[in-house]
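Dear colleague,

I am handing over the structure we spoke about, and it is placed directly below this paragraph. Please look through it first; my notes on what was found follow after it.

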Amino acid sequence: MREELTIDEARPLLHTAEHVAVFTGAGISAESGIPTFRDGGFWDEFPPSQFATWSGLTKLAATNPARLAEFVHCVVGPIAAAEPNAAHQAIATFSNKQRRVEVLTQNVDGLHQSAGSVIVHEVHGSLLRRIDGNGRNVDPLSRKDLRDVAERLAAKPRTILGFWRAIRPLMERRGLGVVRPDIVLFNDEMAEPDWTKSQAAAKTCDAMLTVGTSAQVYPAAFLPLTVQRRGRPVITVDPSPPEDGYWVPGKASEIVPALLS
Ligand code: NAD
């Protein structure tokens with residue numbers, strides 16, 4: 001069952017909690033200039049069958065590098081240029097000596113850390129982290145590295161060699177394997193240890209704030225369900241209504257700072 005609340009009605013549910021889990025999705029970063037996938041027809045332009053699995057992307061690298069460059073540019077460009085907005089910042093400053101705030105995010109944009117949040121679990125990984133062919137972490141990237149990649153991809157490399165040159169250091173051949181972004185695509189396992197820590201937070205928090213997620217991507221969407229089943233409040237900030245729980249309608253950058261101040 002869903003219940004719409006005003007900001008004043010929802011505030012005490014969060015301010016009286018000693019342990020708050022904040023579950024975020026693409027919508028929290030929309031006002032930082034990173035489009036959500038669902039709202040803008042992204043999957044129509046880049047069908048998941050081709051673009052949402054590593055095997056699909058690998059095939060495309062060999063057959064149509066120019067199209068792959070277009071896709072990667074569309075994903076990396078906005079994230080490379082983004083800065084945290086008022087919602088990311090309000091979440092970062094909500095944590096204090098009396099209150100533990102854990103951010104569980106589906107986003108790969110690193111904006112919670114840029115805003116200063118200390119406990120951030122990235123259940124779908126991060127575009128700023130990289131792993132080698134054995135799944136081991138290698139040195140992370142900066143947003144400037146991403147900007148450089150985006151700039152080279154904007155020049156529309158047409159050949160396989162041009163594509164590989166443009167995409168370095170986000171992806172590069174190293175030894176017998178490939179270093180690649182540590183992000184979760186369709187059919188992949190969730191990012192660890194972030195997923196286990198997120199599940200633990202959902203099982204122990206006093207309240208959950210969810211911001212900008214359609215909660216249609218599983219298993220991540222089990223997190224708010226877990227909190228609901230424990231009888232703890234789940235407060236959703238989103239222009240679109242959630243199926244269950246409390247809903248404060250509106251945009252993240254307007255509602256979240258007012259809720260958490
Ligand atoms: P989604 O695209 O399924 O849903 C976005 C939600 O955000 C919708 O409910 C929409 O109503 C809401 N929204 C749009 N503008 C908003 C605003 N200004 N304020 C608050 N809410 C707003 O996104 P999802 O549920 O996160 O799932 C899509 C998947 O795509 C995720 O797994 C995520 O990893 C990935 N993704 C990540 C990014 C990113 O890192 N910034 C961007 C796009 C997609």
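Helix H5 and helix H8 cross in a left-handed sense, and I begin with this pair, bearing in mind throughout that the model is a predicted one. The two helices, H5 and H8 (residues 143-154), pack at an angle of about 145 degrees, and their axes are 9 Å apart. On the H5 side the contact is made by Ala69, Val72, His73, Val76, Gly77, Ile79 and Ala80, while H8 contributes Arg143, Leu146, Arg147, Ala150, Leu153 and Ala154.

The crossing in which H5 passes H9 is left-handed. Pro65, Leu68, Ala69 and Val72 of H5 make the contact with Ile160, Phe163 and Ile167 of H9, and the residues of this contact of H5 with H9 are seven nonpolar, with no polar and no charged ones.

A further partner of H5 is helix H4 (residues 54-63), which packs with H5 at an angle of about 130 degrees, the axes being 6 Å apart; that angle makes H4 oblique to H5. In this contact Leu57, Leu60, Ala61 and Thr63 of H4 meet Pro65, Arg67, Leu68 and Phe71 of H5, and the residues divide into six nonpolar, one polar and one charged.

As for individual atom pairs, a polar side-chain atom of histidine 124 lies 2.8 Å from an oxygen atom of the ligand, and a backbone N or O atom of glycine 212 lies 3.3 Å from an oxygen atom of the ligand. A nitrogen atom of the ligand, in turn, is 2.9 Å from a polar backbone atom of alanine 252.

Arginine 168 and proline 169 are joined by a cis peptide bond, with omega of about 5 degrees, and proline 169 is placed in the loop between H9 and strand S7 (172-174). Glutamate 192 and proline 193 are likewise joined by a cis peptide bond, for which omega is about 10 degrees; proline 193 is placed in the loop between strand S8 (177-183) and helix H10 (194-204). Asparagine 187 is also found in the loop between S8 and H10, and its phi is near 75 degrees, a positive value in a residue other than glycine.

How values were computed. Residues are numbered from 1 along each chain as its sequence is written. This is a predicted model: local features need pLDDT of at least 70, side-chain atom pairs count only at pLDDT 80 or more; totals for chains, interfaces and linings use all residues. Side-chain values use heavy atoms; hydrogens and water are left out. A crossing is left-handed if the near helix is turned anticlockwise from the far one by less than a right angle, and right-handed if clockwise. Helices (H or I, at least four residues) and strands (E, at least two) are DSSP runs, numbered from the N terminus. Contact means heavy atoms within 4.5 Å. Ala, Val, Leu, Ile, Met, Phe, Trp, Tyr, Cys and Pro count as nonpolar, Asp, Glu, Lys and Arg as charged, and the others, Gly among them, as polar. A polar contact is a pair of N or O atoms within 3.5 Å; within protein, one must be able to donate a hydrogen and the other to accept it, and residues adjacent in sequence count only if both atoms are side-chain atoms. Axes are lines fitted to C-alpha atoms, for helices over the stretch in contact, and angles run from 0 to 180 degrees between N-to-C directions. Angles under 35 degrees count as roughly parallel, over 145 as roughly antiparallel, 65 to 115 as roughly perpendicular and the rest as oblique.
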